[in-house]
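Trainee: Could we go through this entry together, taking one feature at a time and settling how each is to be read?

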Amino acid sequence: MYYNKVEISGVDTSKLTVLKEAEKTELLKKVKQGDKDARDKLIRGNLRLVLSVIQKFIPRGENPDDLFQVGCIGLIKAIDNFDLSRNVRFSTYAVPMISGELRRYLRDNNPIRVSRSMRDLAYKAMQAKEKITLRTHKEPTVSEIAKEIGAKRNDVITAMESISAPLSLYEPVFSDGGDTLYALDQIGDKTDDGCWLDEIVLRESINTLNQREKNILFMRFLQGKTQVEVAEEIGISQAQVSRLEKGAIDRISGRI
């Protein structure tokens, strides 16, 4: 993807650099050791990634400068939360993080104000939808979601329609030179023409995990939560979350 000389938030996009995977890995190691210069270099080296992600949000009429700045916040969160022990490319992890930050920004700054109670109900409905899907391996109906959270069906429909649509696991979130990344790629990396077979194996591998492990992977890689946040939500220690997360990923990786 090529860019003409366009300035966004004072950045000349035609001069944005792109780091190689080996360079990103080395910089990430230094970042984990507290190297601020390496962190700055890693941020600058991934600004083109941010620019690529915001392209699909610009047609909504939002200010590109604002979107770029919000996207940079998502990039910084991805750098701070990335775990080098996972066998996942940084861009695979960062793209959904950036996209999620942009979605939150657009939701919170929607000119049509949605009440807090309505947003809370929609959030509960989205969580229930994912929970039921993990449990039954199929997308639930609105009635099933409503029953799960103890709400009226019509209220759930209204709440879900009042916010941006939830991110699908199979929604394209980044494309660079024909290599499209999907949300599901956060826990898997497509590397060859047999990626469709890998996806089948990945699904089967995930189905072998217990409910707690599935929930941890969901919160960590789809919701972008830190291990500490996950630990607080499910009532175990951060060390236990780390151990369960690593064990689940190792078992998935071992089957692919």
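Mentor: Let us start with Asp 37, which has its place in helix H2, residues 36-44; helices here are DSSP runs of H or I with at least four residues, strands are runs of E with at least two, and both are numbered from the N terminus. This is a predicted model, in which local features need pLDDT of at least 70 and side-chain atom pairs count only at pLDDT 80 or more, while totals for chains, interfaces and linings use all residues. Residues are numbered from 1 along each chain as its sequence is written, and side-chain values use heavy atoms, with hydrogens and water left out.

Trainee: Is Asp 37 buried or exposed?

Mentor: Buried means under 20% relative accessible area, exposed means over 50%, and partly exposed lies in between, with a 1.4 Å probe and protein chains only. Asp 37 has a relative accessibility of 63%, so it counts as exposed. Gln 227, in helix H11 (residues 227-234), is buried, with a relative accessible area of 12%.

Trainee: Which residues is Gln 227 in contact with, leaving aside its neighbours within four places in sequence?

Mentor: Contact means heavy atoms within 4.5 Å, and on that basis Gln 227 touches Asp 83, Arg 220, Gln 238, Val 241, Ser 242 and Glu 245.

Trainee: How should I read a helix such as H6, and where do its buried residues fall?

Mentor: The expected span of a helix is 1.5 Å times one less than its number of residues. H6, residues 116-136, has 21 residues and reaches 30 Å from its first C-alpha to its last, close to the 30 Å expected at 1.5 Å a residue. Its buried residues are Leu 121, Ala 122, Ala 125, Ala 128 and Ile 132. Seen down the axis of H6, they fall within an arc of 125° and therefore line one face of the helix, the arc being that of the directions from the helix axis to the C-beta atoms. These buried residues pack against helix H7 (142-149) and helix H8 (153-161).

Trainee: At what angle do H6 and H8 pack?

Mentor: Two packed helices are described by the angle between their axes and the distance between the axes. H6 and H8 pack at an angle of about 100°, with their axes 8 Å apart, which makes H6 roughly perpendicular to H8, a label given to angles of 65 to 115 degrees. Among the residues that meet there are Leu 121 and Ala 125 in H6, and Val 156 and Ala 159 in H8.

Notes. Axes fitted to C-alpha atoms, helices over the stretch in contact; angles between N-to-C directions. Parallel < 35°, antiparallel > 145°, perpendicular 65-115°, else oblique.
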